[in-house]
Every structure is written in C-alpha cells, then in structure tokens.
Amino acid sequence: MKTLKAGTRLKSAACDTEVMVIRTRPEPVLLCCGGMEMIAMDGQKAAAEPDAAFAQGTLVGKRYVDEQDTTELLCTKGGKGGLSLEGAILVVKQAKALPSSD
Amino acid sequence: MNIVMALEMAADCHPDRIAVTSGTKSLTSGELLRAARTAGAVVRNSGCRYVGLLDINSTAAPVAIFAAAYAGVPYVPMNYRLTRPELEALLARIEPAFLVAAPAYVEALTMPAGNHVVSAEDFLALAQGDTPPATEAPGEPSSVAVQLFTSGTTGAPKAAVLRHENLMSYILGTVDFAGADDADAALVAVPPYHIAGISAVLSSTYACRRMVQLPNFDGATWLGLCRDEGVTNAFVVPTMLSRVIEHLDATGESGALPAMKAIAYGGGKMPPQVIEKAMAIWPAVDFTNAYGLTETSSTICLLGPEDHRDAFASSDPEVRRRLHSVGKPIGTVEIEIRGTNGKALPAGEVGDVFVRGGQVSGEYLGVGSLLDADGWFPTRDRGFLDRYGFLYLDGRADDVIVRGGENISPGEIEDVLREHPAVSDVAVVAMADEQWGEAVAAVVVPREGTNVAASDLQDWVRERLRSSRVPAAIRFRNELPYNEMGKVLRRVLKDDFRSAAVSA
C-alpha cells in the first residue's frame, strides 16, 4: 500500500510499464501492474512475468481510470502487464479530442 | 511532472520521426532528446541559473527548452527586437545565464560577468558533443520551467512564471499523445519568446508532430513554406492571416494549400472580415480560434471548426456572431465573469474575465500569485458569456475609458469607425479631460486616396452609438504602432494625446 499523489511516477515490477499519477484517492492504495505492486522509478524489478490474470498490456500515452473514477494514471511507457487498483482492473479512459490550437 | 516527460515519451515511441525542421536542418525526436540531455549537462556544469534565448527561431530553441529542464533551471526566451537598455535590464534580472544568442543581438550589450554566451550554432555543437548527458531532470513539479517577460504594452515587462505542473497540465489536458500522423507538420511562425512559441514546441512534441519553423514571417514565405513542406497545421496571429490574404489579393496568386488541414489563430482580436475571407479562400480547412494568456500556459478557450462552419453558414445573428467569439472553455479550466463587486455575473453581462485550472499560473516574479483564495485568476480582459456558454471578449480592463463614471470599451467604438469607408485602421484610447476625468480619443489611419474630416467621423459615431461614445478628439496617422504580435501599442497613442494637450 502506498499513498500516491499527482505527479508521482512509478514503474512495474513485472514488465516495462511506467506510469504517472494524474489524480488519486487521499488514502494509501494498492496499485499493481501485472499483479505485483508498482515500485519507485529507482526500485528493483522482480524477476517475474506478469500474472496471467493481469496481463492486459498497457499502451504509452493512454489514460487509465478505476470504475469509481477516483484515480487516473498516464502510461508513460507501455508494457505487457495490466494495471489494477485494489485488485480491480483499470480501463482506458476515452478522452474527447480537442482541435489543435498550437 | 516535468516537461521532459513529453520528449522522453515521444523519443521512446517514435525515435526516428522528425521533431523539428528549420531551413535545411532537422532533428528527429531521438536526436532532440540526446541533444537536450547533453546540453542540459553542459548548462548544469556551467553553474548558470537560467537558460536564456536571444535569437530568432531555430532548432536550438526546442533543444534549449528541454535542456533547461534537464539542468533544472528556468528557460527564459527574450524579445530580440527590444532596445539595448531594455535588453540589458532583462539580462540583469536573470544573471548568471547560459545565453544562446545571435552575435548581432549581443555585441553592443553590456553583458553580466557571470553569463556564458554562445551562438545557436555553437550551442547545437555542444549539444551534439561529448559531454556526458544528463539522464534525469531534477526538481519538483512545482519547479519553474519557463519564465516569460510579458510584452508590456502598458508598462514595464513583468516576469511571468510557468511551472512544470502548469505546462504539463495544459499539454495533458489538450493534446493526444502521438496523435499526429506520420506526414503531419505544424508551421510555427510565432517567435520563440511568445507563449504560443513555447506551447507549439510542447504540443507538437507530445503529439509527435513535426514542427516547421518560419523565423521571419512574411505572407509569401508562409505560403511557400506551407506548400514546400506539406504543412498540415498552422498557428497564426491575426496580423499574419491578414498579410497572407493581402499577398494573395495583391499578386492574384492561387491560395491553394493542398496539404493544409487546420489553421488555429489567436494572440489578439481577429477582424471578422479577415476570418470570413480566410474561410472563403480555404473552405476545406478547419479553423480554430484559441484564446489564452501567458499566465495561463496558453489556450483556455477554443472556438472549434464546427462552430466556425455553423456561424459562417447561419443567418441567425446570434449564431453568426460566434465568429467574433473566442469559444468555450476547454474541459480542464473554468471561466467566470465578475462585476465590480466581485460577484459572478449572469450570461450576457460584460465584466471581468476570471479563469481557474491546473494550467493557470497567474504568478509573477517579485509580485507573487494573483490567484484569489479559490484559485481564480483575473485575466484583466473584459467580456461576457452568452447563454450558450460562448465567451466574447471586450478589450483589456486597462484600456477601458472611464468618462464621468461611465465605463466605455474602446472596442465598440473602433468597430463602428472601422466600418467607415475612409477608415483603414483605428484605435480608441482614453485622454485626460478636465470635465469628465477621461474622454474618448481616436487615432485614425485614413484609407489611401480618401479624405475625411474629424467632424464626419464624429457624426458617423453619433449616428450609431450613444453620445458619450463620440470621440472628443481625433488624430490622423499614416499607420498605428503595433508590436510584432500585432497588438496596438496604446501606451504610445495615449502619450500622443498627452503631449498634444501640453503643447496646445
């Protein structure tokens, strides 16, 4: 369990996935990728493959949210694992595309 | 949350896609990342506390933006058109700086002793040299990424502070990662010291869209570059669009831009005649009006392509006038119009425009944050929201003329005068008045070959607006003073009336 905050970056212990927290709950949460708790960017990866139940894969640039919409993550690097919060799989958020203004 | 994240993701995903083209030079996103990391280490080793840029746009500009982030210092691009004393005053405020500057702009300047000055070419050579690169950007999301000196059309420049979290909030809220196609290219014609020049780099990088830089704008070159480089997206300030259309009118040249998909505009008020003409020349192009400020990390409101087409095709005046609107707030910001008592105003009533959201910095060095307790920033723009939520701007609060307690916006008078057949350009400003405190004064540029008396123009306004709107004094000029972004320098015009009052 970790207390997350906006801007925090984490990586998967089981695959190449990296995320940045956009928003989350104030209390400590169990955020996993590939079924293993996500670790600090300088943390040591486990020598394990993602759990088959949590191997949906992540795509760089996509936003992932929980069903209650309390937590939103930006995937900054894709991998083979799937993201989950308190055991529930996170899904891709469909963002409304804006016309380019720059 | 650091702006380098945008570049790291782009370089990871599309390392070989070209990130920026300037003349015959290009950098892929992989090369841009390597250059930024190496230059970041060079800056860090120099001990400088800022990265300054005093040059026209080149591939060195995006390298410098990200290099500053890797060095953990603010990036400060400056206006190379300023006078020597103005530039020396700015340089004294960012000492010691690692300054990327064209020799022609700095040779006459007295340089602070701690500065490292290199040309863009030498900076790029260092960035592609042997210095061991920085691998991570230090600092916090709240660290300052960019410091911009505001254009100061009404006073001395203020240093607006944009933090990594402000800029990334804007990018993550408005840009789809890697949303651009392989062939997409965005033409960047705004100078690097403008907020639109910064957001162009960040947006294009995050979208994995190639930037094509146009360092010195003119209508013919813009058109040529659009065709030669297959430009699909462009951002222009209203004056640029006028110049392009004037060029087409003057030469009879075809305006065909086969690759162009979308043109966004902003940075000042777009004359309705210009946007209507542009939509007629390029009916297949998507037009977007973007309203934003330096202090809000760029765009906060958008009038999108569908809104443009609906308005253009409509005979309903309420829909038609949307071409004069700056659109609706983007999803990640809120807009509120407030009256003089600070309370929110209902739709249709003109007041002060306030904005709130993660991208809003609203902060100046030495002044502090201008956000109120609830996070709202006073834009100093006047305007109203219509019942559909479209925002209409009505000039700057500082430009409002207070005549005998009545607030008069220069915009409505300028719009009326501009419709007079003998008026080519006009600006309305406040003039000191013994009886009223302030009075309405107008500066008019007559159309070539016409001759019009001040009294005719006063009658013209009297027939169309309330009598308090009739200019008490009208002066004629051959042209109005504009800054390079197309904003009228009202300060200069006000000074004209001040000196006239003294000499009279």
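This is a predicted model: local features need pLDDT of at least 70, side-chain atom pairs count only at pLDDT 80 or more; totals for chains, interfaces and linings use all residues.

Mentor: Ser298(B) has its place in strand S14 of chain B, and its phi is positive, at about 90°, although the residue is not a glycine.

Ser297(B), however, is placed in the loop between strand S13 (286-293) and strand S14 (298-303) of chain B. With 32 other C-beta atoms within 10 Å, Ser297(B) is buried.

Strand S14 belongs to an open sheet of nine strands in chain B, whose order is S2-S1-S10-S9-S11-S12-S13-S14-S15 and whose pairing is mixed. The edges of this sheet are strand S2 (25-28) and strand S15 (328-329) of chain B, each of which pairs on one side only. Elsewhere in the sheet, strand S1 (residues 18-22) and strand S10 (residues 210-213) of chain B run parallel and are joined by two bridges, and Val20(B) stands opposite Met211(B) in S10(B).

Another backbone detail of chain B is the cis peptide bond between Glu95(B) and Pro96(B), for which omega is about -10°. Pro96(B) is found in the loop between helix H4 (84-92) and strand S5 (97-101) of chain B.

Turning to the chain as a whole, chain B contains 16 helices and 26 strands. Its radius of gyration is 23 Å, close to the 23 Å that the globule rule gives for 504 residues, so chain B is as compact as a globular protein of that length. The C-alpha trace of chain B spans about 70 × 50 × 45 Å along its principal axes, and buried residues account for 47% of the 504 residues. Of the contacts in chain B between residues at least 6 apart in sequence, 66% join residues at least 24 apart.

Finally, chain B also meets a partner, with 31 of its residues in contact with 15 residues of chain A. On the side of chain A that touches chain B, strand S2 (18-23) and strand S7 (72-77) of chain A each supply at least two residues, and the largest share, three residues, comes from S7(A). The residues of that side of chain A divide into seven nonpolar, five polar and three charged.

Conventions
Residues are numbered from 1 along each chain as its sequence is written. Chains are lettered from A and ligands numbered from 1 in the order in which they are written. Two strands pair if DSSP finds at least two bridges between them. Helices (H or I, at least four residues) and strands (E, at least two) are DSSP runs, numbered from the N terminus. Two residues are in contact if their C-beta atoms, placed from the backbone, lie within 7 Å. Ala, Val, Leu, Ile, Met, Phe, Trp, Tyr, Cys and Pro count as nonpolar, Asp, Glu, Lys and Arg as charged, and the others, Gly among them, as polar. The radius of gyration is taken over C-alpha atoms; the globule rule is 2.2 Å times the number of residues to the power 0.38. A residue is buried if 20 or more other C-beta atoms lie within 10 Å of its own, exposed if 12 or fewer, and partly exposed in between; C-beta atoms are placed from the backbone.
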